[in-house]
Amino acid sequence: MNNTKSLPVEIVFQPSWWFHHEGLTFDEDFFFHPLKRVEAERKMEKALYDRWGQYGFGCDKDKDLPLIGATHLAAGFLLSEMLGCHVEYKQDTPPQVVPAHFEKLSVSADKAFQTNAFKKLENLVESLKKSYGYVTGDVNWGGILNLALDLRGDIFFIDLFDNPQDSIKFLSEINNVIEQFTDYMLYNTGSTSISVNRNVHNFDKRVFLHSECSHTMISVEDYEKYLQPFDIKWSQKYQPYGIHYCGPDPDRYAESFAKIPQLHFLDVGWGGDIAALRKHLPNTFLNIRLSPVDIVNQSEEEIRTSIIERVTASGNLELTGVCCINMDEHITDNKVTTILETVRDLWQA
């Protein structure tokens, strides 16, 4: 699946970094105004090229690309808004989703695609198509449990035990909305998950990447009972298939993830036991995430050592990638350079 000639590596900064270093603001227009959408992505590419162009970043600095979503951010909010959550836009943070605290375990796919939230995306897509003749990129669509918690709040964990049948139906309804949304993106751009993790754009086939950020809050048994059936179904429907797990304990799920047919890609949270995951997932691409919090205080040598240890534990360079997502304004350029140089050296060794 890897079509690169090196170890894939990606860096993604928080809006606070872009705000403080490049003057970008993240109001609603950043995400939905056609002209600003194109201008912002080009400015981001130029900033990356100026700092790290020698490592392959910023290749599109001279292009006006009609990207329908922010591919240089980790920002999942639109489906939550379509399903009923309020979203707050701020100048130096990702859009903030306010949990809706639904009284009932029910969502409507028909209503979701009639909302102003989805209409904003539709209008953006049509405007960009009119100007450029096509659209590209995608929009972060989150994940089933992530969305359930946005809509119902933490009480959903109680729902699973007190009302399992309706809870499963609720998850299935969210599943249907996600499928319809991602099918819409696939039809328009051929991509669903660059905005979930940029490393997927390094592959010859675009990964369908399911965000399971909230799975660190549940047991493996509950995952297998309530949520794994969706992963299994999607792994059979969407290929190549992947899971984004940014929590510190992905190895806790190693045996369960091994039960998923054709799990091509696993985004591995920075506390995970890479060797344990590789033992159970010998043919899965392990995308190793570095901690954006830790590297602020780590020395360059500590960063380098950490990367080498984790990549070595993966045991297969052709099935390994590295990323550091959500670095804030406190990260220094030299530490990012250390990440990129270390990954380059590992491939060339």
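1. Start with the sheet: six strands, open, in the order β1-β8-β7-β6-β5-β4, paired in parallel. Two strands count as a pair here if DSSP finds at least two bridges between them. Strands (E, at least two residues) and helices (H or I, at least four) are DSSP runs numbered from the N terminus.

2. A word on the source: this is a predicted model, where local features need pLDDT of at least 70, side-chain atom pairs count only at pLDDT 80 or more, and totals for chains, interfaces and linings use all residues. Residues are numbered from 1 along each chain as its sequence is written, and side-chain values use heavy atoms, with hydrogens and water left out.

3. β1 runs parallel to β8 (residues 320-327), joined by five bridges; Phe13 has Met327 in β8 as its bridge partner.

4. Two helices to look at over the sheet: α10 (residues 220-237) lies across β4 and β5 (241-245), at about 140° to β5. Helix α14 (residues 300-314) lies across β6 (263-268), β7 (285-290) and β8, at about 165° to β7. Angles run from 0 to 180 degrees between N-to-C directions, with axes fitted to C-alpha atoms, for helices over the stretch in contact.

5. Away from those, α6 (residues 116-132) packs with α9 (residues 164-189) at about 5°, axes 13 Å apart. That makes α6 roughly parallel to α9 (angles under 35 degrees count as such). The contact (heavy atoms within 4.5 Å) involves, among others, Phe118 and Leu121 of α6 and Phe181 and Tyr184 of α9.

Technical notes
Angles under 35 degrees count as roughly parallel, over 145 as roughly antiparallel, 65 to 115 as roughly perpendicular and the rest as oblique.
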